[in-house]
Amino acid sequence: MKKLLVLVVALTLSFVGYSQNKINEGKLIVTQKMSSDNEQANAQIASMGNTVTTTYFKGKKSRTEASSPMTGDMIVIADGATNQMITYMNNPMLGKKYVKGSMDDSQVDSSKVTVKKGDKTKTILGYECQQYFLTAEVQGQTMEMELYTTEAINAYSQQTTALGADIGGFPLYSTINVSQMGMNITITSEVTEINEESVSDDKFSMTILEGYEEMAQPEIKN
């Protein structure tokens, strides 16, 4: 279960995508909560607390940083112009590992992704957001998502690109429902802060960080 959750969490960390003022560069703070209808899983999740992620974006580039007991320290750097992405993981299960490749190398089967535009809108941090429903398959597991996106933040959305999804705008709120071993798990992510500020190009460097080893294919698939 942990490996699937790490993959799903990594996918949600990759959310960077569109506001009335067309913000092109800055920083986002996202709070992520997990819950389950299984008492044992819920106890484990509750002990971890919420995950707070920081995403820096500049044009078609993004960098998301997060740390939690479940995933350890994670960094996801994406460049929409070159279609390249690096995911760094530093946790007790894997040690310090990285995966570098094309955005097309997604573990989501794009042929099994469906998108439906919802009827609702909601205002988040002053931005009007449109509802979308999305169903996808991750490593053979069905994943259902509800998104609220705004076209006001002009940042690259690696997550919706990886899903091959026809979704307009940048997600400020999402819920993901996934089942594993008979347990239903819900991951809720909400942008709680948006700052328009200058971001150094160094944040988006594709040079591998010191001390990280490339993850072998069997480790990725398991």
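1. Let's start with a hairpin. Strands E2 (residues 51–58) and E3 (residues 61–68) run antiparallel and are joined by five bridges. Strands here, like helices, are DSSP runs numbered from the N terminus (helices are H or I, at least four residues; strands are E, at least two). Two residues separate E2 and E3 in the hairpin, and glycine 59 in the turn has a positive phi of about 60 degrees. Threonine 55 has threonine 64 in E3 as its bridge partner.

2. A word on what you are looking at: this is a predicted model, in which local features need pLDDT of at least 70 and side-chain atom pairs count only at pLDDT 80 or more, while totals for chains, interfaces and linings use all residues. Residues are numbered from 1 along each chain as its sequence is written, and side-chain values use heavy atoms, with hydrogens and water left out.

3. Now follow E3 to its other neighbour. Eight bridges tie E3 to strand E4 (residues 72–79), and these two run antiparallel. Threonine 64 has valine 76 in E4 as its bridge partner, and lysine 61 stands opposite aspartate 79 in E4.

4. Stepping back, the protein has four helices and twelve strands. Twelve strands make an open sheet of mixed pairing, in the order E7-E8-E9-E10-E11-E1-E2-E3-E4-E5-E6-E12. Two strands pair if DSSP finds at least two bridges between them.

5. Of the 222 residues in the protein, 50% are buried (buried is under 20% relative accessible area, exposed over 50%, partly exposed in between, with a 1.4 Å probe and protein chains only). The protein exposes about 10,600 Å², and carbon and sulfur atoms supply 43% of that area (Shrake-Rupley method, 1.4 Å probe; for residues, only the protein chains shown count as cover).

6. The largest nonpolar core has 16 residues, and Met34, Leu134, Met143 and Met145 have the most contacts inside it. Such a core is a set of buried Ala, Val, Leu, Ile, Met, Phe, Trp, Tyr and Cys residues joined through side-chain atoms within 4.5 Å. H2, strand E8 (127–138), strand E9 (141–150), strand E10 (170–180) and strand E11 (183–196) each give two or more residues to this core, with the largest share, four residues, coming from E8. A second, separate core has 15 residues, including Val30, Phe57, Ile124 and Tyr148.

7. Which residues line the second largest cavity? They are Gln32, Lys33, Met34, Ile45, Met48, Gly49, Asn50 and Thr51. Strand E1 (25–36) and helix H2 (39–48) are the elements that give two or more residues to this lining, and E1 gives the most, with three.

8. Two loop residues deserve a look. Asparagine 83, in the loop between E4 and strand E5 (84–91), has a positive phi near 65 degrees although asparagine 83 is not glycine. Leucine 125, in the loop between strand E7 (114–124) and E8, likewise has a positive phi, near 55 degrees. Most residues other than glycine have a negative phi. Asparagine 83 is partly exposed because its relative accessibility is 22%, and leucine 125 is partly exposed with a relative accessible area of 43%.

Methods:
1 Å grid on protein atoms, 1.4 Å probe; cavity = no way out; pocket = protein on both sides within 12 Å on 5 of 7 lines; lining within 4 Å.
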